Amino acid sequence: MEIIHVSAECYPVAKVGGLGDVVGALPKYQQQAGDIAKVVLPAYRTRFIETHEFEQVHQSGVWVGQQWYHFNVLKEKTNLLGFDLYLVEIPDLFNSAQVYGAWNDTERFLAFQIAVLDWINEWVHTPDVIHCHDHHTGLIPFLIQHAFKYHRIRGVPTVLTIHNAQYQGQFGWEQFYRLPAFDPAKGGLLGWNNAINPLAAGIKSAWKVTTVSPGYMQELYQDANGLQDLLNYEMGKTSGILNGIDTQVWDPAKDNMLPANYKPTTVAKGKQANKLALCERFDLDPSLPLFSFIGRLVGDKGADLLPDVIGRALYEQAGKLNFLVLGSGDPHIEWMLEQTRAVNAGNFQLFIGYDEVLSHHIYAGSDFLLMPSRVEPCGLNQMYALRYGTIPIVRSTGGLRDTVTDFGDKGGNGVRFLHASSYDVIHAIGRAIELYADEKKLLKMRKANMLIDHSWDRSAQQYLDLYKSLKQ
Ligand SMILES: Nc1ncnc2c1ncn2[C@@H]1O[C@H](COP(=O)(O)OP(=O)(O)O[C@H]2O[C@H](CO)[C@@H](O)[C@H](O)[C@H]2O)[C@@H](O)[C@H]1O
């Protein structure tokens, strides 16, 4: 079976968050299972793209409204990632390393989607399925079915995976002329709430719609940032498939980004060595339990709670714990965290920015990983934490609820709390400090957590079963 993943991110080519991890891993597992998996993404000017070799396999141009853009399709030469990587180079629109947040994002991702379909339309064969990820590729299922120029590939099944329904990519109806000509009777499929909504268009037009955990799918029927009615209407074609993690990239026994490698049997010594190096770098006392946070500093991740949580926990539990935060995002949250550090520097350190190597080191060198997310479709951090013997402390929501159980219950692997409030997070931290004091229990949990299988094998099979169900 030939599967084409179309995405805005793919690790290690271009990664902003968890979407990159998923699109960098799932195709690899599909390829290992004997299928042909290809990934197509825009050619940003990221370090990976600048430092690897590509061959040109196609060149053409697209009209986006009255604007003409030349594009090339480039293929990575060595199959380095374990699957074929194709980049759509549109020099006029993707001319920096920036993935999202450009003033003309709508134009950039529209041109990208049209270029991808134009290219696939020219192939001599057709793929078995086109798998789209998030709203940046959400117009593809609509265009392939209703834009006149794609009639050759009309029958190709499409799957849309929602990694985060908070982001939908809406733009005004006055811009509909930018899309390739389509059957006007079908125009309503593009819209939601008086705007063209690429995520809604994808949900309406894709043959199957998935999201990244069963728990989040259930939540989306109640609240999907305005799309809940649509998801209820389309319920029959929706399902939740839990993300896996790339156990080759995320393996504490072999991870070359760590100062010290370790496995379940050597976790006590290994984690201590990583913690010592981490605490030395950030000037923190290694004898205290280390609570860390890694991620985008946005309200959905509960990052706005961190300044209050850190300030109050360090006051209430003075001298009993340290915090470390790695992330970037909302400038106000960044500023609040800087202020919190200014008065708690001995027990709280902060790295504002994106640093893949440091993130690996924090997963390995921390005792606890905090995830007070308001919304968490799946969450990968808690699975990385489990694999690195770090205890996750999570709000009971979405994929976090599907993967973390409370240590108060038999066989529990982490600490869970209910509300995204400082009070609940601080209470959970208090329970974690008690757990830390029980060395025997902590070690047993760490060892057991490291052995939990969150690899992609099972989920990749679920995707395969889904694709097979689409074969006519
Ligand atoms: N400053 C920083 N420096 C280094 N690394 C950083 C970093 N900030 C984040 N990361 C890394 O980015 C990834 C974040 O993964 P999440 O699953 O939390 O992501 P996100 O919310 O972006 O993705 C969405 O898609 C994913 C995939 O489906 C879902 O799991 C998730 O719930 C959904 O919100 C992890 O690999 C983390 O280590």
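The chain has 16 helices and 17 strands. The model is predicted. Nine of the strands form an open sheet with mixed pairing. Helix α3 packs on that sheet.

**Overall dimensions**

- A compact globule of 472 residues would have a radius of gyration near 23 Å, and the chain agrees, with 23 Å.
- Along the principal axes, the C-alpha atoms fill a box of roughly 65 × 45 × 40 Å.
- Of the 472 residues in the chain, 50% are buried.
- Take the contacts between residues at least 6 apart in sequence: 69% of them join residues at least 24 apart.

**The nine-stranded sheet**

- The strand order is β3-β4-β5-β2-β1-β6-β7-β10-β11.
- The edges are β3 (54-64) and β11 (238-240), and each of these strands pairs on one side only.
- From one strand to the next, the twist averages 20°.

**Helix α3 on the sheet**

- Helix α3 covers residues 105-122 and packs on the sheet.
- The strands touched by α3 are β1 (2-6), β2 (36-42), β3, β4 (67-76) and β5 (84-89).
- The direction of α3 makes about 115° with that of β3.

**The β7–β10 pairing**

- Strand β7 spans residues 158-162, and strand β10 spans residues 208-211.
- These two strands, β7 and β10, pair in the parallel sense over four bridges.
- Leu160 has Val209 in β10 as its bridge partner.

Conventions:
Residues are numbered from 1 along each chain as its sequence is written. This is a predicted model: local features need pLDDT of at least 70, side-chain atom pairs count only at pLDDT 80 or more; totals for chains, interfaces and linings use all residues. Two strands pair if DSSP finds at least two bridges between them. Axes are lines fitted to C-alpha atoms, for helices over the stretch in contact, and angles run from 0 to 180 degrees between N-to-C directions. Two residues are in contact if their C-beta atoms, placed from the backbone, lie within 7 Å. The radius of gyration is taken over C-alpha atoms; the globule rule is 2.2 Å times the number of residues to the power 0.38. A residue is buried if 20 or more other C-beta atoms lie within 10 Å of its own, exposed if 12 or fewer, and partly exposed in between; C-beta atoms are placed from the backbone.
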